[in-house]
Amino acid sequence: MSDFDPGRRRFLGHLGLAGLGALGASSFLSACASSASGPTTSNGSGAVTIQSNLSSPQAKAAMEKLIETFNAQGKGTASLNTIASETFRTQLPTYLTSSNPPDLYTWYAGSVANDYASKNLLLDVSEVWKSLDDYPQSLRTLSTDASGKQIFVPMNNYWWGFFYRKSNFAKWGVQEPKTWTDFLALCETLKSKGIPPIGIGLGDTPWIASAWFDYLNIRINGAPFHRELLAGKQRFDDPKVKAVFTRWREALPYFDPKGKAYPFQEATTALLAGKTGMFLIGTFFADAAPKDALDDLDFFRFPIIDPAVPLAEEAPTDGFFASAKTGNPTGTKALLTYLSSVEAQEAYVKASSGIVLPANPKAKASDSPLVVKGKAMLDEAKELTQFFNRDSNDALQPTADTALTKFIDKPDQIDAILREWQAGAEKVFKG
């Protein structure tokens, strides 16, 4: 549901509650001007104000429909204040720390929400979660802060995986791999046929490489270690991190050598044209896919490396959190309860015309084979991670971009690269 950020996050944001529409409906391609110039606040037990960054036309209309329905139910009153995405992002800290802040905010789960919670800026919504017993434990964990209380209510998520064209795999006589050994064998087969096995788009989107780091780390060292590393509680020059790059190095000979020069959109074009075999990417990549190619797309999960490591998947999750200083906590929680319901999430799917993965497991998503498969993969996961800068912060992302692109170019220098990465991370964490 997030079209919230410039650059990298804007592409991810197109997925949000409507962005998976890239797989079957129009995507949210640009942010509109805000419908108001600044935050609106609630007065005592009056209307609950929602500060929303969902400014793309379909997303804005879908949210307006939800608020209209909520108000008609007689369980409370809410008003929607839509802000242009970049303005919202930069002003969010100001909203939350003001003396009379808006009540509720569209945003995403992960380190930013937890950071605000650690500063006592977010409302404890554990009461709302009492009615969310059907939600998977992975989403509950993702919505829980360090003190054990829930501070976030998810609305949707999307997934990452190795995408490919079914017709090409059939033509090449290959199948989806399950293990890392199978994966490398698949790469070798494609390479022997003259096909660069792995697409990559690092041009002006170097953050794409972070998906490889995230997945290798959660497959080898597990999601808890991954989160601690991105929170500054572990070191990037730790032998456990070097083990990630040892595995990654096994796959480097199979990367498309041209992929370092162009962004992920062009890497998508190469995949669809059969010039590469597969591409580790989020579902937003299908923005570039023509409609006649959508039915030919499929994906497989990032291969298992150590079966003993609990299964985790990258699933950027969007939803809502509320101000701890809301003047109407009862009304805010009532609205959150509605937004977490099957009714609300299915209504959003319909109004946004998007293919989505609603957080409520009883809410109906698209029945397309691709979406059904993606949902099943996330439901099977023991834990869900987000993406590098969602599990860490925006300031740490450039350190990853530098380290990972340098590794792809000069894998022999991994020890020096990891020392440099740790030094850069320390500067970020120490402020």
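Colleague: Which residue stands opposite Val153 in S10?

Modeller: This is a predicted model, in which local features need pLDDT of at least 70, side-chain atom pairs count only at pLDDT 80 or more, and totals for chains, interfaces and linings use all residues. Residues are numbered from 1 along each chain as its sequence is written, and side-chain values use heavy atoms, with hydrogens and water left out. Strands (E, at least two residues) and helices (H or I, at least four) are DSSP runs numbered from the N terminus, and two strands pair if DSSP finds at least two bridges between them. Strand S4 (residues 153-157) pairs with S10 in the antiparallel sense over four bridges, and there the residue opposite Val153 is Phe320.

Colleague: Over how many bridges do strand S3 and S10 pair?

Modeller: Strands of a sheet pair through backbone hydrogen bonds, either parallel or antiparallel. One place to look is Trp107, which stands opposite Gly319 in S10. Strand S3 (residues 104-108) and S10 run in the antiparallel sense, and the number of bridges over which they pair is five.

Colleague: Which strands stand at the edges of the sheet, each with a single partner strand?

Modeller: The open sheet has five strands with mixed pairing, in the order S2-S1-S3-S10-S4. One side of each edge strand is left without a neighbour in the sheet, because each has a single partner strand, and these edge strands are S2 (78-82) and S4.

Colleague: Is S10 largely enclosed by the rest of the structure or left open, and how many of its six residues are buried?

Modeller: A residue counts as buried under 20% relative accessible area, as exposed over 50%, and as partly exposed in between, using a 1.4 Å probe and protein chains only. Both faces of S10 are covered, with Thr317, Gly319 and Phe321 buried on one side and Asp318, Phe320 and Ala322 buried on the other. Strand S10 (residues 317-322) is therefore largely enclosed by the rest of the structure, the number of its buried residues being six of six.

Colleague: What is the order of the open sheet of four strands?

Modeller: Two bridges join S6 to strand S7 (residues 278-282), and these two strands run parallel. The four strands form an open sheet with mixed pairing, in the order S6-S7-S5-S8.

Colleague: Which residue in S7 does Ile198 stand opposite?

Modeller: Strand S6 is joined to S7 by two bridges. The residue of S7 that stands opposite Ile198 is Met278.

Colleague: At about what angle does helix H17 run to S8?

Modeller: Angles run from 0 to 180 degrees between N-to-C directions, with axes fitted to C-alpha atoms, for helices over the stretch in contact. Helix H17 (residues 369-380) lies across S5 and S8, and its angle to S8 is about 15 degrees.

Colleague: Are H9 and H12 roughly parallel or roughly antiparallel?

Modeller: Residues Trp180, Phe183 and Leu184 in H9 meet Arg247, Glu250 and Ala251 in H12, a contact being heavy atoms within 4.5 Å. The axes of H9 and helix H12 (residues 239-251) come within 10 Å and cross at roughly 30 degrees. Angles under 35 degrees count as roughly parallel, over 145 as roughly antiparallel, 65 to 115 as roughly perpendicular and the rest as oblique, so the relation of H9 to H12 is roughly parallel.

Colleague: Is Leu184 buried or exposed, and what is its relative accessible area?

Modeller: Leu184 has its place in helix H9. Leaving aside neighbours within four places in sequence, Leu184 is in contact with Glu250, Ala251 and Tyr254. Leu184 counts as buried because its relative accessible area is 19%.

Colleague: How many helices and strands does the secondary structure of the protein chain come to?

Modeller: The protein chain has 431 residues, of which 57% count as buried. Its secondary structure comes to eleven strands and 20 helices.
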